[in-house]
Amino acid sequence: MSDVARILHAFTEAYGCGAVLWVRGATAVEVAATSGGDVTRPDGEIYRDDEAVRSRETALGRQLIARIPGRTPAWVGLGPVADDDAEPRRWLRVLVPVLSQVIQSQWEATRAADELAERYEEINLLYSLSEILGRTVTLEDATRTILLEVAETVGAEYGALFVHDESSGLLRPVTTLLVASAPLPLPIPTDDPLSVTARVFRTRHALLVNAGVLESDFEAPFRQGAMLTVPIVWTTPHGGIPLGVVCLSGRRSGASFTAGDEKLVAAVGSQIATAIQNARLVRATVDQERLASEMRLAHDLQLRLLPDARIVGPDATCAARVEAADGVGGDFYHLFRLGGGRTGVLIGDVSSHGYRAALIMALVMSAAAIHAQTTADPAETMQALLATVEEELRETEMFLSLCYVVIHPAAGTVRWTNTGHPHAFVISAEGETTRLAATDPPLGLGPEGLHGDSRPWSVGDVLVMFTDGVSDARDARGDALGEPRILDVLRARRHEAPSRIVDGVFALVEGHMGRMRPHDDQAIVVLRTD
Amino acid sequence: MSLQVSKHGDVVIVEVDGQLIVSNRQELKQRVLDEAEAGVRKVLIDFAKAGYIDSSGLGVLVSLAKRLRELGGDLRLANLNDDLQTLFELTKLDSLFQIADTRERALESF
């Protein structure tokens with residue numbers, strides 16, 4: 001039994017008169033409590049908003065009815081009463097303030113409960129957003145959860161969350177709560193004059209529009225009646241950056257959105273922006289990790305393309321090393337056993353690094369393997385190679401510095417074609433250094449027709465070729481290592497095994513660079529035939 | 001790197017200050033192509049204040065020289081320091097360009 005019912009029963013027990021309490025509900029006046037008397041709903045002037053005590057004749061006798069002041073429209077009826085109703089009227093003067101006080105208390109308690117429930121929903125919303133901020137989620141997952149939670153909190157049935165795509169100038173719907181059988185909403189140009197969504201994005205001000213106002217086809221799939229549209233703005237130390245818009249419509253209660261709803265959604269707008277930025281960062285990080293992983297894979301594949309230096313044995317002893325500056329690089333070498341004791345050595349540098357350079361490198365390596373076996377002279381080999389890669393070089397605006405050397409110990413000769421490769425040497429047993437000078441500009445730059453050159457090759461000679469990433473290695477001050485210091489190491493170690501010569505050069509390079517990272521690919525090949 | 005552009009008769013002189021490398025080569029390329037678009041056919045690149053050119057910078061020079069020659073003009077170089085002069089010789093690129101040791105001689109050669 002409610003407090004009001006208890007009061008009415010106590011009244012009836014004390015005075016022997018029935019009492020009825022009517023309260024106006026959402027749709028009609030209804031009996032809230034009774035301790036006797038006619039409960040038939042009063043009508044007519046009884047509802048006038050004054051303090052007058054009125055009477056009516058009922059099947060159970062005469063009934064006095066008085067309005068109970070307060071926020072909740074309510075009336076109390078006493079009866080049956082006699083024609084001389086002075087006494088019941090005095091009772092009413094006591095009963096009405098008591099009921100008013102109780103009803104007011106009940107109203108406040110209900111209101112407080114509603115308020116608490118509303119706050120709870122808001123707290124729940126903020127909790128959900130915090131959860132999204134703390135989790136690793138995709139942009140789609142984050143925005144979906146955000147839209148559902150915000151819609152739930154303000155009692156909206158439909159809505160959409162748009163994110164700005166800077167490259168196209170469009171607001172793209174990333175998650176939606178659509179009207180039944182509505183098509184997916186289209187992206188909205190930010191400069192569209194009719195769309196509320198675009199307008200809110202441009203002005204960065206929330207907008208509450210009533211049913212029938214500013215309706216556009218863009219919003220039709222998720223709009224029914226009034227629509228609350230709020231910008232999502234990412235706050236930075238340098239100002240706000242608009243990231244998107246959240247639209248809510250179709251309030252379940254049928255009532256319009258309130259200023260409180262607008263305030264709430266606007267308040268969580270920056271939280272939504274943080275969640276979106278978080279999700280974007282996660283996506284970017286994942287993409288970057290994937291790219292790094294692919295680069296590592298490409299680097300491994302590229303290294304696998306390089307031949308094992310032992311393949312030139314027993315005609316020659318060789319050592320080689322390639323260090324790529326960007327994961328995958330454009331420096332490479334190739335080795336060939338050509339028959340008759342002849343050995344072919346190719347070193348190359350594509351005028352770039354990264355994926356495109358690596359592709360050119362792979363193309364040159366596979367083509368060189370074919371042409372080296374089917375041609376007799378380095379110039380002829382390189383000419384065939386140029387024919388293979390010419391179109392690729394023209395399309396990519398790259399060029400190749402290559403040096404292809406064929407050593408024929410039995411004939412005592414070394415023949416080469418050098419297209420713009422600056423660092424190719426023969427170091428004699430006596431320490432004399434001879435540069436295998438460029439015969440032509442780099443492949444892809446020069447005129448047609450390649451040339452060759454030759455010189456004697458003696459027992460004890462060492463062939464050394466390295467790319468400009470080695471001689472241009474920079475220290476912390478930006479000073480290049482330089483070719484002379486490398487040649488000093490080569491001369492000092494000329495009697496050692498090729499692998500030790502390579503180690504010696506890289507020790508020099510690493511010592512010079514210190515903690516600096518190489519800015520260019522580095523490759524070196526060392527070969528001897530004794 | 002910065003570029004100083006001036007005119008001497010019908011020759012546009014581009015002075016390169018700093019290193020011509022992969023990260024700024026496009027700036028030089030676009031500047032010269034813009035001049036070519038505007039009708040310039042003779043371009044002199046002065047390297048008096050340039051200390052280093054990487055392989056991609058060399059590629060841009062060759063590409064610009066080709067383009068200007070296709071248009072009936074030419075690209076010439078001046079004031080290469082000893083290292084750059086050696087680089088052009090070692091890579092045989094000196095066979096692709098007319099290189100003068102002073103700006104005046106380069107201008108006379110057009």
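The buried residues of H4(A) are covered by elements that include S6, S7, S8, S9, S10 and S11 of chain A. Helices (DSSP runs of H or I, at least four residues) and strands (runs of E, at least two) are numbered from the N terminus. Contact means that the C-beta atoms of two residues, placed from the backbone, lie within 7 Å. The model is a predicted one, in which local features need pLDDT of at least 70 and side-chain atom pairs count only at pLDDT 80 or more, while totals for chains, interfaces and linings use all residues. Residues are numbered from 1 along each chain as its sequence is written, and chains are lettered from A and ligands numbered from 1 in the order in which they are written.

## Helix H4 of chain A

Six of the eight residues of H4(A) are buried, so this helix is largely enclosed by the rest of the structure. A residue is buried if 20 or more other C-beta atoms lie within 10 Å of its own, exposed if 12 or fewer, and partly exposed in between, with C-beta atoms placed from the backbone. The buried residues are A:Val196, A:Thr197, A:Ala198, A:Arg199, A:Val200 and A:Phe201. After H4(A) comes A:Arg204, which has a positive phi, near 60 degrees.

## The six-stranded sheet of chain A

In chain A, six strands form an open sheet in the order S8-S7-S6-S11-S10-S9, with antiparallel pairing. Two strands pair if DSSP finds at least two bridges between them. Strand S8 (188-189) and strand S9 (207-209) of chain A are the edge strands, and each pairs on one side only. Helix H4 (residues 196-203) of chain A packs on this sheet, touching strand S6 (156-165), strand S7 (170-177), S8, S9, S10 and strand S11 (239-251) of chain A, and its direction makes about 30 degrees with that of S10(A). Angles run from 0 to 180 degrees between N-to-C directions, and axes are lines fitted to C-alpha atoms, for helices over the stretch in contact. Helix H5 (residues 259-305) of chain A lies across S6, S9, S10 and S11 of chain A, at about 45 degrees to S10(A).

| Strand pair | Bridges | Direction |
|---|---|---|
| S9(A) and S10(A) | Three bridges | antiparallel |
| S6(A) and S11(A) | Seven bridges | antiparallel |
| S10(A) and S11(A) | Ten bridges | antiparallel |
| S2(B) and S3(B) | Eight bridges | parallel |

Individual residues illustrate these pairings. A:Leu207 has A:Thr229 in S10(A) as its bridge partner, A:Tyr158 stands opposite A:Ser249 in S11(A), and A:Thr235 stands opposite A:Gly240 in S11(A). A hairpin of two residues joins S10(A) to S11(A).

## Chain A as a whole

Chain A contains ten helices and 21 strands. Of its 530 residues, 39% are buried. Among contacts in chain A between residues at least 6 apart in sequence, 63% join residues at least 24 apart.

A nonpolar core is a set of buried Ala, Val, Leu, Ile, Met, Phe, Trp, Tyr and Cys residues joined through C-beta atoms within 7 Å. The largest such core has 94 residues, of which A:Val405 and A:Val525 touch the most other members. Leaving aside neighbours within four places in sequence, A:Val405 is in contact with A:Val345, A:Pro378, A:Val414, A:Trp416, A:Ala424, A:Leu436 and A:Leu463.

Chain B has an open sheet of five strands in the order S1-S2-S3-S4-S5, with mixed pairing. Its edge strands are strand S1 (2-8) and strand S5 (98-100) of chain B, each pairing on one side only. On average, neighbouring strands of this sheet are turned by 25 degrees against each other, direction ignored. H2(B) packs on the sheet, touching S2, S3 and strand S4 (74-78) of chain B, and its direction makes about 140 degrees with that of S4(B).

Helix H1 (residues 25-37) and helix H2 (residues 55-70) of chain B pack at an angle of about 10 degrees, with their axes 9 Å apart. H1(B) and H2(B) are therefore roughly parallel to each other, a term for angles under 35 degrees, whereas those over 145 count as roughly antiparallel, 65 to 115 as roughly perpendicular and the rest as oblique.

Finally, 15 residues of chain A are in contact with twelve residues of chain B. The side of chain A that touches chain B has six nonpolar, five polar and four charged residues. Here Ala, Val, Leu, Ile, Met, Phe, Trp, Tyr, Cys and Pro count as nonpolar, Asp, Glu, Lys and Arg as charged, and the others, Gly among them, as polar.
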